[in-house]
Amino acid sequence: MDRTLASALAREQRAFLARQRGAWAPHLEHARAFLGQGLREARGPALILGAGSGLEVPWFLAPPGTVGWDADPWSRALTFVRHRRWAPWVFKDLTGGMEELAATAQRTARQPWSGRVRATRAASRRLAGLVGTLDPAARPLRAWIAEHRPGTILAANVMGQFGVLAQRTVERAFRGASPWTDEEEDPLEAALRTWTARAVGSFLAALGRSGADIWLVHDRGVLFGEAPFRLGPLAEPWTAQLESELPLEAEDPLCGVDVARAFPGRPAEFHQRWLWPVAHGQVHVMEAMRFRPSADGSGAGS
């Protein structure tokens, strides 16, 4: 994995773990209960995607040989410190496209002979056009699944991070100069949303083709501001579940991808949402979904 990307992932993980976690207990209880059930029911060694530092994953329930996957170079060591489990690990980008995005942003934003940032507005617009040609097709994940054929795959709160990491990757290339404009529809922001949707879609397609029992925990939405709200009965789209007397500032980290429709012929056996107050003025709507293998054991339709 590219060292620049590895350093970026390590910084993101440190910033995440440094946050005040006093209000995280209900979220962790939900996530650990769901992922723990997936590990209890695993058919042989499981694959845990986005395993991170083990904060949300109850590793003591993992069958022998269970593999963690997280591109953060410290994730395996942090899991060992927390759980005393030195698990087999894969240190690769799940999208298969972050390094390409980083390299494209670097070439576009900086002069090759000096490393200085080019005229920001022009570089941002050019990068927006180039991002549309990139293909985050989850190739490392597809190859690993094809070789190892895991019977159970758990995705531990990773899909919602694709877009955030893509934004941070682009911002670092501009060395502190903002690549974003004040336009109503920023071209680069729109291009990264499209890139993120492709990355999420490719990730889910790789899981669907695996024929494995799939357990997903992810950010379904992010709410900003101080307006009070609560979750009503489960409804689609996810925004229809939000109940508030005031307007809400909501963001879709999956950029329009409908997870429930990602596995044709395999309806979600379990579907739950809850609230996770990550920081002051930032609440995540979390989602947990389970998809059993199709009757013939394949990933038909994916």
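What follows is a walk from a surface patch to a set of salt bridges.

Some ground rules: this is a predicted model, where local features need pLDDT of at least 70, side-chain atom pairs count only at pLDDT 80 or more, and totals for chains, interfaces and linings use all residues. Residues are numbered from 1 along each chain as its sequence is written, and side-chain values use heavy atoms, with hydrogens and water left out.

**Stop one: the patch**

Select Phe80, Val81 and Trp86, which make a nonpolar surface patch of about 330 Å². Patches here are built from residues with over 30% relative accessible area and no salt bridge, joining nonpolar side chains (Val, Leu, Ile, Met, Phe, Trp, Tyr) within 5 Å and like charges within 9 Å. Areas come from Shrake-Rupley with a 1.4 Å probe, and for residues only the protein chains shown count as cover.

Val81 sits in helix H3, residues 75-83; helices (H or I, at least four residues) and strands (E, at least two) are DSSP runs numbered from the N terminus. Val81 is exposed at 58% relative accessibility, and Trp86 is exposed at 51%. Phe80 is partly exposed at 33%. The cut-offs are under 20% for buried, over 50% for exposed, and partly exposed in between (1.4 Å probe, protein chains only).

**Stop two: the rings**

The structure holds nine aromatic pairs. Phe80 and Trp86 form an edge-to-face pair, because their ring centres are 5.8 Å apart and their planes stand at 85°. Pairing takes centres within 6.5 Å for rings of Phe, Tyr and Trp (its six-membered ring); planes under 30 degrees apart are stacked, over 60 edge-to-face, and the rest tilted.

Is Thr79 buried or exposed? Thr79 is buried, with a relative accessible area of 0%. Leaving out residues up to four places away in sequence, Thr79 touches Gly52, Ser53, Gly54, Trp59, Arg84, Arg85 and Trp89, where contact means heavy atoms within 4.5 Å.

For a separate group of rings, select Phe34, Trp215 and Phe270, which form one aromatic cluster.

**Stop three: the salt bridges**

The count comes to 13 salt bridges, each a side-chain nitrogen of Lys or Arg within 4 Å of a carboxyl oxygen of Asp or Glu. Select Arg290 and Glu41: their closest N and O atoms are 2.9 Å apart. This pair links distant parts of the chain, with Arg290 in strand E10 (residues 282-291) and Glu41 in the loop between helix H2 (25-40) and strand E1 (46-49), 249 residues apart. Arg290 is buried at 4% relative accessibility, whereas Glu41 is partly exposed at 31%.

Finish with Glu269 and Arg292, bridged with closest N and O atoms 2.3 Å apart. Glu269 lies in the loop between strand E8 (249-251) and strand E9 (270-279), and Arg292 in the segment after E10, 23 residues apart. Both ends are partly exposed, Glu269 at 46% and Arg292 at 41%. Which residues do shared partners join into one network? Select Glu41, Asp213, Glu269, Arg290 and Arg292 together to see that network.
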